[in-house]
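Here is a short tour of one model, to be read with the structure open beside you.

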Amino acid sequence: MKKFSYFAPTTVEEAIKVLAGADKDTQIIAGGTDFIVQINHKMISPEKVVDIKKIKELKYVKEENGFIKIGAATNFSELDCSEILLKKAKVLATACGEVGSTQIRNLGTIGGNIANASAAGDSISALMALDASVVLKSEKEERVMRLEEFYQGPGNCQLRKDELLTEIFFQTPNENTATSFKKLGKRKALAIVVISAGALIEKDDNNKCTKAQISLGAISRYPVRVREAEELLIGKELNEQNIEICLEKIAEITNASVANSPFKHLALYKGSAMKGIAREMFANILADLK
Ligand SMILES: Cc1cc2nc3c(=O)[nH]c(=O)nc-3n(C[C@H](O)[C@H](O)[C@H](O)COP(=O)(O)OP(=O)(O)OC[C@H]3O[C@@H](n4cnc5c(N)ncnc54)[C@H](O)[C@@H]3O)c2cc1C
């Protein structure tokens, strides 16, 4: 392995100073679960490594002014058992609880999952359903971007090499809302073989759907919102028939998207599998909305 310079800042301010002027040879490491695999497979060969594990101010889950805010270096185990998430954004707690193994969940962070930008990133799928945003800090500026925007444009994602992802936030779902996450398959190291679905559904007192945010993972380059399926539910009664129509659309979108993606060979399997896990996801949501 090539030798590299190692920095271990203890504050965000120190970290962004070290990152100023960083280029492709600079790499941030948080939990290291993707980083170590990438080094071992010679996918990266950094000259400068900035370890953010000691930055305590990046580890939190809090509710503030109608928003739930999460520090980027919070690990999956902490998120999986967060009282705030379990009560108000179960989709994210469940997704974090289903990442890899206990060891991976104890090390892997939500910021690392987002920055690694995998099609099968479990927290990404859940955060898309929550319509989350990210905060990116550099010495020059602070940028706030919706997650959907973060995964658009050229390159892997919109994160610059001189930037530190510091926070993820989303509006606290209201009391007439339920969320759920479902995943199929196991992911081993770099083999992406999983599909996932996350949703946030809000209803009014007449059991009419007032908000639907549905995201699907591992059907294209990044987890995506499926607005055509969402629109079929909004304004409709939340009953079996309307959910079935929405599920049909989810399968149709999955098939069309997979046919143009790196998962082409799984096209036949993915549409019906997605429909199956989305059906379970809706069953959880309806049970919670009662
Ligand atoms: C055996 C195994 C099983 C896995 N199973 C799953 C799974 O089921 N689901 C899933 O979603 N993932 C899975 N993963 C992938 C991995 O655990 C996650 O992507 C994890 O969230 C990465 O977080 P980390 O802190 O370890 O990131 P690191 O490996 O430290 O970093 C990953 C990338 O993010 C960058 N980065 C990290 N933090 C920041 C930050 N704050 N600001 C800017 N850039 C940053 C790094 O520079 C690097 O490019 C698995 C990995 C392994 C090895």
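## A buried threonine

Threonine 254 is buried, with a relative accessible area of 0% (buried means under 20% relative accessible area, exposed over 50% and partly exposed in between, with a 1.4 Å probe and protein chains only). Leaving aside residues up to four places away in sequence, Threonine 254 touches Leu216, Ile219, Lys270, Gly271 and Met274, where contact means heavy atoms within 4.5 Å.

This is a predicted model, in which local features need pLDDT of at least 70, side-chain atom pairs count only at pLDDT 80 or more, and totals for chains, interfaces and linings use all residues. Residues are numbered from 1 along each chain as its sequence is written, and side-chain values use heavy atoms, with hydrogens and water left out.

## Its helix

Threonine 254 lies in helix H11; helices (H or I, at least four residues) and strands (E, at least two) are DSSP runs, numbered from the N terminus. H11 covers residues 240-259, 20 residues in total, and its first and last C-alpha are 28 Å apart, close to the 28 Å expected at 1.5 Å a residue (the expected span is 1.5 Å times one less than the number of residues).

What do the buried residues of H11 pack against? Their partners are strand E11 (209-217), helix H10 (227-233) and helix H12 (267-289). Among the buried residues are Ile243, Cys246, Leu247, Ile250 and Val258. An α-helix has 3.6 residues a turn, so residues three or four places apart point the same way.

## Rings and charges

Rings of Phe, Tyr and Trp (its six-membered ring) pair if their centres lie within 6.5 Å; planes under 30 degrees apart count as stacked, over 60 as edge-to-face and the rest as tilted. By this rule there are 3 aromatic pairs. Phenylalanine 67 and phenylalanine 169 have ring centres 5.8 Å apart and planes at 75°, so they pair edge-to-face. Phenylalanine 67 belongs to strand E5 (residues 67-71) and phenylalanine 169 to strand E8 (residues 164-171), so the pair ties together parts 102 residues apart in sequence. Ring pairs also link Phe150, Tyr151 and Tyr222 into a cluster.

The charged end of lysine 62 sits over the ring of tyrosine 60, 4.6 Å from its centre (NZ of Lys or CZ of Arg within 6 Å of the ring centre and within 35 degrees of the ring normal).

## Around the ligand

The ligand is surrounded by 33 residues, the closest being Ile28, Gly31, Thr33, Asp34 and Thr109; a residue is near if one of its heavy atoms lies within 4 Å.
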